[in-house]
Amino acid sequence: MVLRKLPGVSASGMGLRLSQKFVFLLFLSGLVTLCFGALFFLPDSVRLKRIFLSKNESPAVTVGSDNELSKKMPGDPEHQRAGLKGGEGANVKLRVSRKPSVTHGARTVERSVGSRAQDEWSPARAQEPAARDERVTSAAHNGERGSPYNYEAFKKCLLKPALGKNQGTPSDSETLQRREKVKEMMKFAWDNYKRYAWGKNELRPLTRNGHIGNMFGGLRGASIVDSLDTLYIMGLMEEYEEAKEWVQNNLDLNSNGEASLFEVNIRYVGGLLSAYYLTGAEIFKQKVLELGEKLLPAFNTPTGIPRGVINLGSSGTSWSWGWASAGSSILAEFGTLHLEFLHLSELSRNPLFTEKVMNIRKLLNKIEKPHGLYPNFLSPVSGNWVQHHVSIGGLGDSFYEYLIKSYLMSDKTDQEAKKMYYSAMEAIETNLVQKSPGGLTYVAEWRGGILDHKMGHLACFSGGMIGIGAEDGPAGQKQHYLDLAAEITHTCHESYSRSATKLGPEAFRFDAGAEATATRLSDRYYILRPEVIESYMYMWRLTHDPKYREWGWEAVEALEKHCRVDAGFSGIRDVYASTVSHDNMQQSFFLSETLKYLYLLFSDDDLLPLEDWVFNTEAHPLPVIHKSCLQENSATQDHGQTNLE
Ligand code: DMJ
C-alpha cells in the first residue's frame, strides 16, 4: 500500500513493477532473517526460542527437551512452575553451594560441584559425533513400541508374594520384638522429619530444621522418596500415604539446579522405581520416567560415559566434578546406573536407557585393565583411565555391586556382567585382599601398584556382595567366596566392636600397629551409614548364622544410645569418644538403607525374597526380570542379557 503512492509506481497487476517486487521481497527476507537472528539473543527460558531453536541448540533436545512427559501430566506443569517462583525452589541455581558436602555419603566420597570453566559441556561440543543421539524419548514411546507396561502381568511373574506370606513376621518373640523396635525407630525418624523438615531433603535433628544440600539439583524431599518403600514394607501405611501424596502434589521435577547424576539416580530414580513395583501406583511410574529423561543429557559426551554433574533444567548441561582429576568421571558413579536404567527401559518401552548403560558396559569390558583392576577415574572424552587408584570402597564400590546385581536381576542371563564380575573379583583377591597380623581379612586400596592398608566403612558392603555372588562363581569356589564374605563381614564387625560407641569409623587401618581402627582424627566419624548392617542382612539370609542377628542388635543398641536425640537420629563425630558429639544430620539413607536392612535382618526371608528382588545401592528393591516372563515388546529384551560383542 505504501509503495503504491510512490511516484512512478504502476497501479497495474499487483500494483508493483518486477524490480519493485524484487526490492520488496528482499526487504521482507531481510526482516525475517533479522527476527530469526534476534532469537539467538533471547534467554533460554523464553518459550519462543525453545520452539524455534531447540532442535539444534541444546543438547537436551536430543533427548526430548521441554519435557514431553511433564506436558502430559494433567494440570501439573503450570502448578509446579508456580511453585518454583516463590517457594523453596526459588532461585535454586543461586543457592547451589560449591562447598564440599561433608555429610553426604555415597560410596563416592563427597565433594564440591565441579569447576565448569575447565570442562563444561557446551551445545557446540554436543555436536561431536558420538555425542549426538537424535532420538527423542517420551511417553509417546509407549504407543510406538507396543503395549504399555502391564503391572498385573509383572506381578504374576514374581515367584513369591513381595511381602511374604505374613509380611515377613518372624515366629520367635525375641526377633519380633527387635523388629518392632526397628519399626519404632523408623517411625521416630519419620515423624521428626515430618515435623521439622517436611519437604526438605534431610532433617537436622539438633537444630530442628531441614537441610537441602547441593547433591540433588533443586530436587526436594529426598528423605520422602528414599523412605517410600521402607514405610511400605514396614506396614507404616499412614506414613506411606503421606509420602505418596507429597510425591503426587509436591515432587517438582522442573528444577534447574546442578545435581549429582549418581545421587539422583540411586535415591530418586531407585526410590520411585521401587515404590512403583511394590505398589503399582501410576504416579511413581509417571514421575520416574519424567525424571529419567532429564538425566539423559549427561551421556552426551564423546564416549557416552556420563559426566558426574548435570543441570536438571532444559539446558541439560553436564560437567565433571572439580575435584576429579583432569575432568574425569568416577567409576562408582557411571558404573552405578545399570539396574535403574534397565528398569526405565522396561517401564517406558524405550531402549534408549538400556543402550546408554550398555555402552558404558561395552567400553569398560574392552578397555585394558591394569592387573585386571578397574581404576576409579576415567576420561569421558578419551575413554582412558586417568589415574591408577583402585578401591572397593569410595569411588569404586557400587560399580562391582552393580555387575553382580545386573547378572542376578537379568535372571542370571547377563553373561557379560557375570564374567566381568568374577574376573574383577579374581583381580581384587590377587591384588587387594589382605590378612592382618591379627588374622583379620580386609580389602586394601591400590595406588599404582602400592597398597594403602586402609578399608573404608563404604567398603564393608562387600561382605554382602561377595556373599550373594558366591553361588554362581567358578566351579568349586562357592565355599571360598562364602568364607571370604564372612571374613570381611567379621572384620567390619570388629571395626564396630573396637570403638567406645560400638559404631564403626568412616575408615579403619591395618598399619602402624592398627587393626581395624581409625588412626586419623578425620576418619573417626559415623554418619548413620548402612554398609556393615547391609552385610549382616545378606549373610543372615545366606547362612542363618544367629551371630548376624546379634551383631545387628548390637548396632540397634548403639544407634539408640549414641545417635538418637530428642528430634531424630544424628551422626556422630568420633566413634571412640564415649561422650558423643553429634553432627546434626539425619541422612536420607538412614531411612532408606540402615533401618530397612535392620528390619529385613529381623524378618523372615520371604519379605522381599532374593529370588525376585535385587536391592539397588540405596537399598531400593528392584524386581528380577524373569526370563520366562519378559513382557511383549520388552525394551530390555535384547540388552543386558547377552554379550553385546
Ligand atoms: C548410600 O547413598 C549408598 O549406599 C551409596 O552407594 C553409598 N553411600 C551411601 C550410604 O553410605
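## Helix 15 and helix 16

In this predicted model, helix 15 passes helix 16 in a left-handed crossing. A crossing is called left-handed if the near helix is turned anticlockwise from the far one by less than a right angle, and right-handed if clockwise. Helix 15 covers residues 338-348 and helix 16 covers residues 352-366; their axes come within 7 Å and cross at roughly 155°. The axes are lines fitted to C-alpha atoms, for helices over the stretch in contact, and the angles run from 0 to 180 degrees between N-to-C directions. Helix 15 and helix 16 are therefore roughly antiparallel to each other. Angles under 35 degrees count as roughly parallel, over 145 as roughly antiparallel, 65 to 115 as roughly perpendicular and the rest as oblique.

Which residues in helix 15 meet helix 16? They are His338, Phe341, Leu342, Leu344, Ser345 and Ser348, and in helix 16 they meet Leu352, Phe353, Thr354, Val357, Met358 and Arg361. By class, the residues of this contact between helix 15 and helix 16 are seven nonpolar, four polar and one charged. Here Ala, Val, Leu, Ile, Met, Phe, Trp, Tyr, Cys and Pro count as nonpolar, Asp, Glu, Lys and Arg as charged, and the others, Gly among them, as polar. Contact means heavy atoms within 4.5 Å.

Leu337 sits in the loop between helix 14 (331-334) and helix 15. Is Leu337 buried or exposed? With a relative accessible area of 0%, Leu337 is buried. Buried means under 20% relative accessible area, exposed over 50%, and partly exposed in between (1.4 Å probe, protein chains only).

Leaving aside neighbours within four places in sequence, Leu337 is in contact with Leu261, Asn265, Phe299, Pro306, Val357, Ile360 and Tyr402. Leu337 and Ser398 are 61 residues apart along the chain, and 9.6 Å separates their C-alpha atoms.

Helix 10 (residues 222-234) and helix 11 (residues 237-250) pack at an angle of about 150°, with their axes 9 Å apart. The crossing of helix 10 and helix 11 is left-handed. Helix 10 brings Ile224, Val225, Leu228, Leu231 and Tyr232 to the contact, while helix 11 brings Met237, Glu239, Tyr240, Ala243, Lys244, Trp246 and Val247. The contact of helix 10 with helix 11 has ten nonpolar, no polar and two charged residues.

Further along, helix 22 (residues 547-563) and helix 23 (residues 588-601) have axes that come within 9 Å and cross at roughly 135°. Helix 22 and helix 23 are therefore oblique to each other, and helix 22 passes helix 23 in a left-handed crossing. From helix 22, Tyr548, Arg549, Gly552, Val556 and Leu559 meet Phe590, Thr594, Leu598 and Leu601 in helix 23. The residues of the contact of helix 22 with helix 23 divide into six nonpolar, two polar and one charged.

Most residues other than glycine have a negative phi. Gln167 has a phi near 55°, a positive value in a residue other than glycine. Gln167 lies in the loop between helix 8 (151-157) and helix 9 (173-197), and is partly exposed, with a relative accessible area of 38%. Asp411 is not a glycine, yet has a positive phi of about 60°. You can find Asp411 in the loop between helix 17 (397-409) and helix 18 (415-431). At 18% relative accessibility, Asp411 counts as buried.

Lys194 lies in helix 9 and counts as partly exposed, at 35% relative accessibility. The C-alpha atoms of Lys194 and Glu242 are separated by 9.6 Å, and the two residues are 48 apart along the chain.

## The whole chain and its confidence

The protein chain has 645 residues, of which 61% count as buried. Its secondary structure comes to 23 helices and 19 strands; helices (H or I, at least four residues) and strands (E, at least two) are DSSP runs, numbered from the N terminus. Among contacts with a separation of 6 or more, 71% are between residues 24 or more positions apart.

How confident is the predictor, and what is the mean pLDDT of the chain? The mean is 83, and 75% of the residues reach 70 or more; pLDDT is the predictor's confidence in each residue, from 0 to 100. Over residues 1-14, pLDDT stays under 50, and the model has twelve contacts beyond four places in sequence for them. Over residues 39-144, pLDDT also stays under 50, with 243 such contacts in the model. Where pLDDT is low, the predicted coordinates should not be read in detail.

## How the values were made

Residues are numbered from 1 along each chain as its sequence is written, and side-chain values use heavy atoms, with hydrogens and water left out. In this predicted model, local features need pLDDT of at least 70 and side-chain atom pairs count only at pLDDT 80 or more, while totals for chains, interfaces and linings use all residues.
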